[in-house]
Amino acid sequence: MRKLIIKLILIIGVLYLGSEMLGIVEVLSPTSAIIFACVLLLINMTIKPILLLISLPVTVLTVGLFSLVINTWMVMLADRFVSGVTIEGFLNSLLIAVSFSLLNGILLYNKR
C-alpha cells in the first residue's frame with residue numbers, strides 16, 4: 001500500500017514537473033492529475049504485464065530498451081482516458097515515462 005501511494009505521488013510530481021518546468025504537459029486541475037495518476041497505476045497493473053510478456057522477444061533483442069516504448073504507450077493510453085491532462089506527441093510521452101521510471105527506481109528500489 002505504501003508503494004502505491006509513493007507511486008501516485010511520483011506520477012503527480014512528474015506531471016507537475018512536465019507542466020510547470022518543461023511545458024510538455026497541460027494539466028487543467030489538480031484533480032485531473034490525481035485521476036491521471038490513478039488511471040496510469042491501474043493500466044500499469046493490468047495491461048502492462050500482458051504487453052511485457054507478449055513483447056519479451058523484442059525486449060530481449062533490444063536489451064530492454066523496448067520496455068521504454070511500452071512505458072510510453074502506457075502514458076499515452078492514460079492520456080487518452082483522462083480529459084484534463086494533455087501530453088502531445090510520442091517524444092513528450094517518452095520523456096514523462098523515462099522521468100517516472102527513473103524517479104521510481106531511485107525512490108522505491110534504493111536499498112540502503
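Visitor: In which segment does Met 1 lie?
Guide: The model is a predicted one. In it, Met 1 is placed in the segment before H1.

Visitor: Is Met 1 buried or exposed?
Guide: The cut-off for exposed is over 50% relative accessible area. Met 1 has 75% relative accessibility, so Met 1 counts as exposed.

Visitor: Which element gives the largest share of the nonpolar patch?
Guide: The patch on the surface is formed by Met 1, Leu 4, Ile 5, Ile 9, Leu 42 and Met 45, with about 650 Å² of accessible area together. Two or more residues come from each of H1 and H2. The largest share, three residues, is that of H1.

Visitor: What span does helix H5 reach from its first C-alpha to its last?
Guide: H5 covers residues 90-108, which is 19 residues. At 1.5 Å a residue, 27 Å is expected. The span in the model is close to that, at 26 Å.

Visitor: Within what arc do the buried residues of H5 fall?
Guide: Buried in H5 are Ser 93, Ile 96, Ala 97, Ser 99, Phe 100, Asn 104 and Leu 108. Seen down the helix axis, these residues line one face, because they fall within an arc of 160°.

Visitor: Which exposed residues does the face of H5 turned away from its buried side carry?
Guide: The buried residues of H5 pack against H1, S1, H2, H4 and S2. The face turned away from that buried side carries the exposed residues Leu 91, Leu 102 and Ile 106.

Conventions: Residues are numbered from 1 along each chain as its sequence is written. This is a predicted model: local features need pLDDT of at least 70, side-chain atom pairs count only at pLDDT 80 or more; totals for chains, interfaces and linings use all residues. Side-chain values use heavy atoms; hydrogens and water are left out. Helices (H or I, at least four residues) and strands (E, at least two) are DSSP runs, numbered from the N terminus. The expected span of a helix is 1.5 Å times one less than its number of residues. Buried means under 20% relative accessible area, exposed over 50%, partly exposed in between (1.4 Å probe, protein chains only). The arc is that of the directions from the helix axis to the C-beta atoms. Contact means heavy atoms within 4.5 Å. Patches are made of residues with over 30% relative accessible area and no salt bridge: like charges are joined within 9 Å, nonpolar side chains (Val, Leu, Ile, Met, Phe, Trp, Tyr) within 5 Å. Accessible areas come from the Shrake-Rupley method with a 1.4 Å probe; for residues, only the protein chains shown count as cover. A salt bridge is a side-chain nitrogen of Lys or Arg within 4 Å of a carboxyl oxygen of Asp or Glu.
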